[in-house]
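Please keep the sequence and the 3D view open side by side. The report below is meant to be read against both.

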Amino acid sequence: MTWVERRTAAAAVRDRGAAMRLESVTKAYGRGPGAVTALDGVSFEVPRGSFTAVMGPSGSGKSTFLHCLAGLDRPTSGRVLLGDTDLGRLKESALTSVRRERIGYVFQAYNLLSALTVRQNITLVPRMSGARVDGAWLRELLERVGMTPYADRRPNELSGGQQQRVAIARALVTRPDAVLADEPTGALDTRSGREVLRLFRQIVDETGQTVLMVTHDPVAASYADAVVFLADGRIAGHLPGPTPELVAERMARLGDR
Ligand SMILES: Nc1ncnc2c1ncn2[C@@H]1O[C@H](COP(=O)(O)OP(=O)(O)OP(=O)(O)O)[C@@H](O)[C@H]1O
């Protein structure tokens, strides 16, 4: 497929509705006077094939938002849907399979296993559940994240940016419905951080993958198609076509300095 055909295919995927959805989600921690409402009636759709950034002041509910979408946290009320699957209706074992097979995760810490090679780290999760990873797909993934020459190296022989690119390949290996990234550039220097962001952008544009990323950095957010802002556990705005300046301005208005 040519690059133009791939972009057209990615746009067609994008038109197919929401990859993930929160419907009136409330999440409270604790009970009684000490209770904290981390999310307060949040409804939001993550469009399929899009790159969405989540921003908000400290304590505004970003991690809780991500954890509810990931099925890592169960909401106190409301529904979380991955495609047509209502996560709240799943038993723990089914939810574990959904988390393993249909969602990819990228964190600030790369969490690679030091005893394993790059190739083994990428294929570990499917191998643990007894699945075979197709050789052609593994080669494509290594190529896509620029790690083909390092496939047999171990994490301690790689830079932070390279380790994060391995973590991205690992997140993509099951061809998940969505990739959730929590501060993926938080531990990286500016240049490696930008490379990781460009990689996310490319993956979304060329393969129609859905990516949702929590970040504190307006420049990082500007790589996304749109930014959703949270404040006090509620949606406080939505900015399509973000630029670093527009994002910083919105954040300043939300009281983040
Ligand atoms: N396990 C928990 N128990 C009690 N309160 C919690 C728990 N997790 C989060 N909270 C509270 O819920 C609110 C939202 O927290 P959350 O971590 O989602 O915010 P955030 O926007 O990700 O913050 P930050 O940018 O500082 O990481 C905060 O007031 C926090 O103290």
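## Basis of the model

This is a predicted model: local features need pLDDT of at least 70, side-chain atom pairs count only at pLDDT 80 or more, and totals for chains, interfaces and linings use all residues. Residues are numbered from 1 along each chain as its sequence is written.

Helices (H or I, at least four residues) and strands (E, at least two) are DSSP runs, numbered from the N terminus. Two strands pair if DSSP finds at least two bridges between them.

Strand E3 (residues 51-55) and strand E9 (residues 226-231) run parallel and are joined by 4 bridges. Thr 52 stands opposite Ala 226 in E9. Contact between two residues requires C-beta atoms, placed from the backbone, within 7 Å.

## The four-stranded sheet

A second open sheet has 4 strands in the order E2-E1-E4-E5, with antiparallel pairing. E2 and strand E5 (85-86) are the edge strands, and each pairs on one side only.

Strand E1 (residues 18-29) and strand E2 (residues 36-47) are antiparallel and share 8 bridges. Arg 21 has Glu 45 in E2 as its bridge partner. E1 and E2 form a hairpin with 6 residues between them. Gly 30 in that turn has a positive phi of about 75 degrees. E1 is also joined to strand E4 (residues 77-82), antiparallel, by 5 bridges. There, Leu 22 is partnered by Val 80. E4 and E5 are joined by 2 bridges, and Leu 82 is partnered by Thr 85 in E5. Helix H2 (residues 62-69) lies across E1, E2 and E4, at about 125 degrees to E1.

## Helix H7

Helix H7 (residues 190-207) has 18 residues. H7 reaches 26 Å from its first C-alpha to its last, close to the 26 Å expected at 1.5 Å a residue. The expected span is 1.5 Å times one less than the number of residues.

The buried residues of H7 are Gly 193, Val 196, Leu 197, Leu 199, Phe 200, Ile 203 and Val 204. They cover an arc of only 150 degrees around the axis, which puts them on the same side of H7. The arc is that of the directions from the helix axis to the C-beta atoms. Thr 190, Arg 191 and Arg 198 are exposed on the other side. Buried means 20 or more other C-beta atoms within 10 Å of the residue's own, exposed means 12 or fewer, and partly exposed lies in between; C-beta atoms are placed from the backbone. The buried residues of H7 pack against E3, helix H6 (160-172), strand E8 (211-214) and helix H8 (218-221). Just after H7, Gly 208 takes a positive phi of about 75 degrees.

## Helix H9

Val 247, Arg 250 and Met 251 are the buried residues of H9. Their arc is only 100 degrees around the axis, which puts them on the same side of H9. They pack against E3, H8, E9 and E10. The face turned away carries the exposed residues Glu 245, Glu 249, Ala 252 and Arg 253.

## The nonpolar core

Which residues touch the most other members of the largest nonpolar core? Of its 64 residues, they are Val 54, Leu 69, Ala 169, Leu 180, Phe 200, Val 211 and Met 213. Such a core is a set of buried Ala, Val, Leu, Ile, Met, Phe, Trp, Tyr and Cys residues joined through C-beta atoms within 7 Å.

Leaving aside neighbours within four places in sequence, Val 211 contacts Phe 51, Val 179, Ala 181, Phe 200, Ile 203 and Val 204.

## Two loop residues with positive phi

Most residues other than glycine have a negative phi. Glu 183 is not a glycine, yet has a positive phi of about 50 degrees. Glu 183 sits in the loop between strand E7 (178-182) and H7. Glu 183 is buried, with 20 other C-beta atoms within 10 Å.

Asp 232 also is not a glycine, and its phi is positive, near 50 degrees. Asp 232 lies in the loop between E9 and E10. Asp 232 counts as partly exposed, with 16 C-beta neighbours inside 10 Å.

Key. Axes fitted to C-alpha atoms, helices over the stretch in contact; angles between N-to-C directions.
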